[in-house]
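The sequence and structure come first.

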Amino acid sequence: MPRNTAQTEDQLPPLPMPAPLDVSAMDKVLVFVPHPDDESIGCGGLIAHLCRQGTPVHLILVSDASGAGGLPEGAGEQRIKEFRQALKHLGSSLTQEYWRLPDGGLHACDDLPRRIQRAIDHYAPTTLVAPWLRDLHTDHSTLGRTVLDIAQAQTLSAARELIFYEVWSPLPATHVLDISGVWPQKKAALACHKIALSCGNYLRAMESLAAYRSLLTGAMAAEGHYAEAYRCIGLGTEKTAPAVKVRYAVPSDGAALARLFQRVFGQQVPDSWWQAKYAGQPHAGSLAQTFDGEIVAYYGAMHRQGIWQGQPVNCAQQADVMVAPEHRFATRSQGVFSRISKLFLQEQLGQGRTYQLAYGFPTERALQLGVRLGLYRQADMLGYWVCDNVFSRLGVSWQVRCQPCHQVRDWQWVDRLQPFTAEPQQTFWLKKTASYWQQRYCDSPPPGKHYHLLRLYRWGRIQSVAIVRLEESGIEILDLAKAGSHPDAGQKLISAVINEGVRRKLPRTTAWGTHLAVTELMRHAESLSNRSDNRIDNAGFMALPSSSLDAPLADEIQGRCWMLGGDTDFR
């Protein structure tokens, strides 16, 4: 028998040299991870490469990470926390979920095939990634085999390929990926797995394997060169890729997005515009790109911290949403607007994800389209307050200073400001931050926009502040905040803004915002000794996430939002 086995092995065809793995062709990736640390060891470089190019990647941690009884009680939850920390090193756009199936017992989980089927149907990936189906670890081989069985049985799935990664057992590689450029991220990710590292020197093992695999790239294991090996399997018949793919925006997209802005809005912005506005965001939004490389749509997202009933809320403000003219009339179901907005709102919004809430101020057409797609709800009414400027005396104890924003050198005091609203516990408002005010009003104002900072003092102590925009038609209030505790600070600030308009011979003071905000400004104006003519014109509605999305807070804050023009990206 041994002799026959040897003869059979001699007859096996030799494996060809592994080809370079083309990550640029991967549109949407679903990664199955049996245990924390497997993602870093097996495919951490691939994940980091995908995030760097903006590809949506979702990871499923399958087991409860308890170590099959070989670890102390509570170690499983700690390992899951380490898993979350590791993913932060691999890419900020990653999303994940946790099945918490018995560690060491995946082979006995009758529910595993159904879960995998449901995950593939829900996420609709073009690429599946799983542990090698002949790995020494039973959980790994069970998961890999089950993913393969489900994927091959599906005829309607969007998945075009299944990629196996190696952890405990080297695999017969068909493809190799040079990960030298992302090696520090992969190494930092594995370093987060403290419990695993206490059981063995996985850092040394991982580095040794990656260095050895770099032989396949032609680097000949030279110092500083690393690679990952994969076994790739095509799934069924060749599936037609869509003409436009969607992904997350990355810093290298800045110049192309500036060109798209000019096409859509007819205004020229420098190539540095997008970098200044979005490069520091946790997620800079999603975009649509043709396979020729042209970006034809963008769904921008700016991080803002909201406050509701005294608690912070991570919010995404939708901004610079734009679709190239030739793609605007294919905006339902699988049109580009639908696809880029769904990618961001369905993947990045939710409990345990980057953002718990999203909001925006779309055009009427965009709002109605978002409602029809099941993404938006029509929320708080917007109003445009107009007040004729009439001088009112402040009193000898009050002083005003107004200066152009670009002359302000220090903005750190903004972090200590308090909301202008009279009922902060009963309203949803946005925290004022030095970084936002400086970027918004000082560093990158639109051409021709004259932003000024108006500060109101009482006996030399600052009480309230306003950001205003000066134009020939009047003075517009963009942002307001309180800095002191005097009960008249709100009324006196509105009076000071109106008086500034009178001093500059501007006919009116205006403000754009939610109905809750502009009615409060109108109330202050009506309480002045020299009462001005006031009115509020209807200005549409803001948008909040629909009930189909994971944003339950939207139900609570609807009708309670306090925002002004400075809380948008376009006033």
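## Salt bridges

The structure holds 23 salt bridges. The term means a side-chain nitrogen of Lys or Arg within 4 Å of a carboxyl oxygen of Asp or Glu. This is a predicted model, so local features need pLDDT of at least 70 and side-chain atom pairs count only at pLDDT 80 or more, while totals for chains, interfaces and linings use all residues. Residues are numbered from 1 along each chain as its sequence is written, and side-chain values use heavy atoms, without hydrogens and water.

One of the bridges pairs D149 with R145, with 3.9 Å between the closest N and O atoms. Why are D149 and R145 about one helical turn apart? Because they sit 4 residues apart in helix α5 (residues 138–153). Helices are DSSP runs (H or I, at least four residues) and strands likewise (E, at least two), numbered from the N terminus.

## Domains 2 and 3

The chain divides into domain 1 (15–234), domain 2 (244–360) and domain 3 (385–567). These bounds come from an automatic or database domain assignment. The C-alpha centres of domain 2 and domain 3 are 27 Å apart. Domain 2 gives 23 residues to the contact and domain 3 gives 25, where contact means heavy atoms within 4.5 Å.

Together, domain 2 and domain 3 bury about 2100 Å², with 63% of it on carbon and sulfur atoms. Buried area is the accessible area (1.4 Å probe) lost when two parts are put together, summed over both. R304, I307 and W308 supply 33% of what domain 2 buries against domain 3, more than any other three residues. The rule finds 1 salt bridge across this interface. R304 also forms a salt bridge with D567, at 3.6 Å from N to O.

## Cavities

How many cavities of 30 Å³ or more are there? The count is 3. A cavity is a set of points on a 1 Å grid over the protein atoms alone where a 1.4 Å probe fits but cannot get out; lining residues have an atom within 4 Å of a point. Points join across faces, edges and corners, and volume is the space filled by probe spheres set on them.

The largest cavity has a volume of about 80 Å³. Its lining includes E166, K186 and R213. α2 (38–52), α8 (202–213) and β8 (227–234) each supply at least two lining residues. The largest share, 4 residues, comes from α8.

Terms used:
1 Å grid on protein atoms, 1.4 Å probe; cavity = no way out; pocket = protein on both sides within 12 Å on 5 of 7 lines; lining within 4 Å.
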